[in-house]
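Colleague: I'd like to go through this model with you, asking what stands behind each label. Ready when you are.

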Amino acid sequence: MVTAARPLVYPLSVRHLAPNWYATVMGTAVVATAGAALAPHVPGLRGVLTGMWALSLVLLLALLTGRAVHWVRHRDQARAHLLDPATAPFYGCLAMALLAVGGGALTVGRDLIGLRTAVALDAVLFTAGTLIGLAAAVAVPYLMAVRHRVEPGQATPVWLLPLVAPMVSAAVGPQLVPHLPPGQARRTLLLVCLALFGLSLLATLVMLPLVFARTLIGGPLPLALTPTLFLVLGPLGQSTTAVGAFADVAPGVVPEPYSAGFGVLAVLYGVPVMGFALLWACLAAAHVLRARRHGMRFSMTWWSFTFPVGTCVTGTEALGRHTGLVAYAGPAVVLYAVLVVAWGTAVFGTLRGLLRGELLATPAPVPAAPRPVTVRTTSGAVR
């Protein structure tokens, strides 16, 4: 009697819990924070956003626990992640996950835990996230130069991740300014956030040409990495959000003419940068559609569709506040709808992958047969 072959399901293990899983926290938290400006116009939305933030907090605690166990029990694998040029940049996601949840605590989480607890939680997570982000922004490029031995042709948008973390600090830090004592404390935090903005922006401007050149000269990215093209939207949207946040809190914190200068910066910087974000979003979407036609399947890189798009929502909302143009309201709503659909798709794919044993599974044994030869066609497809 012949029985149908059953698919092999490999046991889940924290040994294979890589730092890229923090993207699930970032993507969930940004759904809450990005929708905060829309909540007053949609009945019941505020409660849903608070629930989303609570979910991101639970995910963060679960992943921090899992990653701690990973470092204790599987230190060899953890070190291998640091020495892997494809995985090491994702250590920036740890910092951004802490910052995203902390920022969400003051934006919507205070409805659940109270203002005082929200301020305390945000202060702790902001401090930890900023320190870890600065460490990643230095350590990962150092490892890339000294240990990874990467080449320009290997450049991907993933390389931006450790450099974007300080920009997230710059964007969420101003929320804490009004909760500090007036005078030196408030001014210091605002200018620290401005310094973090400059650090991340200049580092991104150095790295982005490598990514753009790789895309134009080296051909399309591998199918599984194609969604990471949306990561470029992260520093664009987050920096626009940051300058808008500076302008929101600057009055009364820094003297004139610097206070008014922050308002000017919010518009003169944000408008052209979001224009470039629109160009990149169209380019990235075209690459994703091509990859889908060539058989791109779900992977954890699909979470790249969430947090970067969310930063564009908050950046567009900031421009609407500081330009006074209602024309920004429509794009913000459309982008938020895209964010929600992207989050739902990523959650569905992640849960299905976990249930099928395709994620966090022990890799299957390598077959004895030789690997098939792959060639690049004129269309860029790999066969």
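Modeller: Let's start with a term: buried means under 20% relative accessible area, exposed over 50% and partly exposed in between, with a 1.4 Å probe and protein chains only. Keep in mind that this is a predicted model, where local features need pLDDT of at least 70, side-chain atom pairs count only at pLDDT 80 or more, and totals for chains, interfaces and linings use all residues. Residues are numbered from 1 along each chain as its sequence is written, and side-chain values use heavy atoms, with hydrogens and water left out.

Colleague: Why does R214 count as buried?

Modeller: R214 has 12% relative accessibility, so it counts as buried. The residue sits in helix α7 (residues 184-217); helices here are DSSP runs of H or I with at least four residues, strands are runs of E with at least two, and both are numbered from the N terminus.

Colleague: What is R214 in contact with, leaving aside its neighbours within four places in sequence?

Modeller: Contact means heavy atoms within 4.5 Å. By that rule R214 touches P152, G153, A155, G219, P220, L221 and P222. Also, the C-alpha atoms of R214 and Q154 are separated by 7.4 Å, though the two are 60 residues apart along the chain.

Colleague: Which elements make up the chain?

Modeller: Helices: 11 of them, and 0 strands. Among contacts between residues at least 6 apart in sequence, 81% join residues at least 24 apart.

Colleague: What makes the radius of gyration agree with a compact globule?

Modeller: The radius is taken over C-alpha atoms, and the globule rule is 2.2 Å times the number of residues to the power 0.38. With 383 residues that gives a value near 21 Å, and the chain has 21 Å, so the two agree. Along its principal axes, the C-alpha trace spans about 80 × 45 × 45 Å.

Colleague: Why is α10 called largely enclosed?

Modeller: Because 13 of its 17 residues are buried. α10 (residues 307-323) reaches 24 Å from first C-alpha to last, close to the 24 Å expected. G324 follows, with a positive phi near 75°.

Colleague: Where do you find the largest pocket, and what lines it?

Modeller: A pocket is an open set of points on a 1 Å grid over the protein atoms alone, with protein on both sides within 12 Å along at least five of seven lines; lining residues have an atom within 4 Å of a point. Here 43 residues line the largest pocket, with T33, T107, T314, E317 and R321 nearest its centre. α10 gives the most, with 9 residues.

Colleague: How much space lies in the second largest pocket?

Modeller: About 810 Å³, where a volume is the space filled by probe spheres set on the points, joined across faces, edges and corners. Of its 29 lining residues, N20, A224, S299, M300 and T301 are closest to the centre. The largest share of that lining, 3 residues, comes from α11.

Definitions and conventions
The expected span of a helix is 1.5 Å times one less than its number of residues. On a 1 Å grid over the protein atoms alone, a cavity is a set of points where a 1.4 Å probe fits but cannot get out, and a pocket is an open set with protein on both sides within 12 Å along at least five of seven lines; lining residues have an atom within 4 Å of a point.
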